[in-house]
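Please look through the sequence and the structure shown here before turning to the description below.

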Amino acid sequence: MECSKSTLARANNFRASFRPNVGGGLTSRPCSGSGNPDGSGQSPTDGNIAKDGDGDSYEKDIKTKILQSSLQHVSRHGWSRDTVAAGAEELGYPDTVHGLFRDPGAELALYFYSASNDSLSRLLRDGTLPSPSAERYIHCWPSVIVHVRSRRHSLISSFFDCSKAELNAFLTNAIKTRLLMLEPYLNQWPQAIALLSKPSNAPHALSNLMTLVNDVCYYAGDRSIDTRWYTRRIGLATIYKSSELHLLQDRSQGYDDTWSFVKRAVEECVKLDTMLESNAQLAKDVVTASVSTAKNILGLSWNR
């Protein structure tokens, strides 16, 4: 399916805006609808940047080690300067090294978020969480037409080769796996949400969230370059944040209430995506409404 050059340019500009910057320099994968989350799409200038910034790279390495060491102290001190100081002392650095961080607690939360995204991406890439019909490279989003490679020929296939149940199960499992990474810090996570909702931290938090949902969409087979690129990612982001809040209040055995909520939300999201296929104007309206709703859920509706 072809799209106009202007539509493609707008999509590329939108995606390029989501380039997370964690901890003042720990940059996540670019959020791109057509890019591979495995990190193979590096900029040709990356090598030059590394050569010119050896000093910066050394400082980033130290900060990364400190943040990684600090996670074990979150249960005691929360997402705070004291936690980062404890992590630094664990490595033999003076506790005053927390001065390297603009906002120690928030940067620790951003580091954890980004590291968890990387862990999920590796699970998806390595096949630990198999993508739908991965053995035949079928794109399972509704009505996405793709080439299915076989040994001797290629043929055109569609969503009907991959059931909605399979897609629903994949998306539900991916979200569930990512949410479970919060389990060691559930009691402290409301504090992290508050820190990441601050205007100075929200853009980085949003970038990390968009990287998360982009990875899930990529491994679900989405290669759309039209309005569906937006609706699918905004829809999954809304489901993830809603499920995250649900998990924080869940007292059921094994978080069964949360997993039921995720399953229902994913099913509704896939149904909506199918409906939007046949109504372009409705799709545009949904994008506008979804952005407003997502901003409210993500805590981004502050007055500038």
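The model is predicted, so local features need pLDDT of at least 70 and side-chain atom pairs count only at pLDDT 80 or more, whereas totals for chains, interfaces and linings use all residues. Residues are numbered from 1 along each chain as its sequence is written, and side-chain values use heavy atoms, with hydrogens and water left out.

**Salt bridges**

A salt bridge is taken here as a side-chain nitrogen of Lys or Arg within 4 Å of a carboxyl oxygen of Asp or Glu, and by this rule the count comes to six salt bridges.

| Salt bridge | Closest N and O atoms |
|---|---|
| K198 and D103 | 3.1 Å |
| R232 and D222 | 2.5 Å |
| D222 and R233 | 2.6 Å |

Burial is judged by relative accessible area, where buried means under 20%, exposed over 50% and partly exposed in between (1.4 Å probe, protein chains only). K198 counts as partly exposed at 36% relative accessibility, whereas D103 is buried, with a relative accessible area of 13%.

D222 forms a salt bridge with R233, and because D222 lies in the loop between α9 and α10 while R233 lies in helix α10, the pair ties together parts that are 11 residues apart in sequence. Salt bridges that share partners join D222, R232 and R233 into one network. Both R232 and D222 are buried, and R233 is buried as well.

**Helix α10 and an annotated span**

The 23 residues of α10 should span 33 Å at 1.5 Å a residue, and its end C-alpha atoms are 34 Å apart, which agrees; the expected span is 1.5 Å times one less than the number of residues. Of the 23 residues of α10, 17 are buried, so this helix is largely enclosed by the rest of the structure.

An unreviewed UniProt entry lists residues 59-89 as "domain: Ubiquinone biosynthesis protein COQ9 HTH", and such annotations may be inferred rather than shown by experiment. In the model, residues 59-89 are 81% helix and 0% strand, and the end C-alpha atoms of the span lie 17 Å apart.

Rings of Phe, Tyr and Trp (its six-membered ring) pair if their centres lie within 6.5 Å, with planes under 30 degrees apart counted as stacked, over 60 as edge-to-face and the rest as tilted. By this rule the count comes to nine aromatic pairs, including the edge-to-face pair of W229 and Y230, at 5.6 Å centre to centre with 80° between the planes. Both W229 and Y230 are buried. Elsewhere, ring pairs link W79, F112, Y113, Y185 and W189 into a cluster.

A charge sits over a ring if NZ of Lys or CZ of Arg is within 6 Å of the ring centre and within 35 degrees of the ring normal. The charged end of R178 sits over the ring of Y113, 4.7 Å from its centre, and R223 lies over the face of Y218, at 4.0 Å from the ring centre.

N201, in the loop between α8 and α9, counts as buried at 0% relative accessibility.

Technical notes: Helices (H or I, at least four residues) and strands (E, at least two) are DSSP runs, numbered from the N terminus.
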